[in-house]
Amino acid sequence: MAIYEVEAIATVVGGHTRVQDDYQGGVESVIRLSEAYPLETLQGLHEFSHLTVTWRFHLAQPEDVQLHARHPRGNPQWPTTGTFAHRNHRRPAQLATSYPRLLDLAGRDLLVTDLDAVDGTPVVDLAPYFQEMGPRGVVRQPAWPSEMLADYWRNAGERSVP
C-alpha cells in the first residue's frame, strides 16, 4: 500500500469552534491560503458560487479509525454499515469533502458559509464546484442518511424540539 504525504494549502479561520454532528448551517468562516502559494492561484475563483474543499479531520486520532460495520451515530434504528458507507473521521484517511458557498474573496482569504470544518482545520485541496462534475443521473441512497442529517444544515438557533 502506498503512503502519500499531503501538505495543507490553506487553513480554516473562525467559524465553528467545536466538533458537532448537527447545526452546521449559517456559519461563516475564512479559508486562508498559505503564503507558499501566489495570489494568482486564486484568480477567477470569485466567479463561482460554491467550492469543493477537501480537508483533514485534524482533531481525530489514528485510533479513531474503525474498520468494521457499525450503526451510524451508534443508533440501532439505522442499519449496520461498513466503514466506507460513512462520511466521518473514522475512515482511514480521515479526510472530508465539503461544498461551501463562496461569499467573498479578499487577498488570501476566501469568506465562505456552510463549511462543516472547525477553526484551525487544514485544507488539503480547493477547487471551484462545477455542476458538470457533480453526480450524473438520479442519486440513490437509503432512508437513514436523510433521517440522520435532518438537522445537519440547520442553524444552531433553529434547533428542532423533540
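Thr121 sits in the loop that links β6 (109–113) to β7 (122–128); strands here are DSSP runs of E with at least two residues, numbered from the N terminus. The model is a predicted one, in which local features need pLDDT of at least 70, side-chain atom pairs count only at pLDDT 80 or more, and totals for chains, interfaces and linings use all residues. Residues are numbered from 1 along each chain as its sequence is written, and side-chain values use heavy atoms, with hydrogens and water left out.

With a relative accessibility of 1%, Thr121 counts as buried (under 20% relative accessible area, with exposed meaning over 50% and partly exposed in between; 1.4 Å probe, protein chains only). Its side chain makes a polar contact of 3.5 Å with the side chain of His58 (a pair of N or O atoms within 3.5 Å; within protein, one must be able to donate a hydrogen and the other to accept it, and residues adjacent in sequence count only if both atoms are side-chain atoms). A polar atom of the Thr121 side chain also lies 2.6 Å from the backbone oxygen of Val118. Beyond neighbours within four places in sequence, Thr121 is in contact (heavy atoms within 4.5 Å) with Ala10, Thr11, Val12, Trp55, Arg56 and His58.

The loop between β3 (51–56) and β4 (95–98) holds Arg73, and Gln94 lies in the loop between β3 and β4 as well. Arg73 has a positive phi, near 55°, and Gln94 has a positive phi near 50°. Most residues other than glycine have a negative phi. Arg73 is partly exposed, at 38% relative accessible area, whereas Gln94 is buried, at 3%.

Notes
Helices (H or I, at least four residues) and strands (E, at least two) are DSSP runs, numbered from the N terminus.
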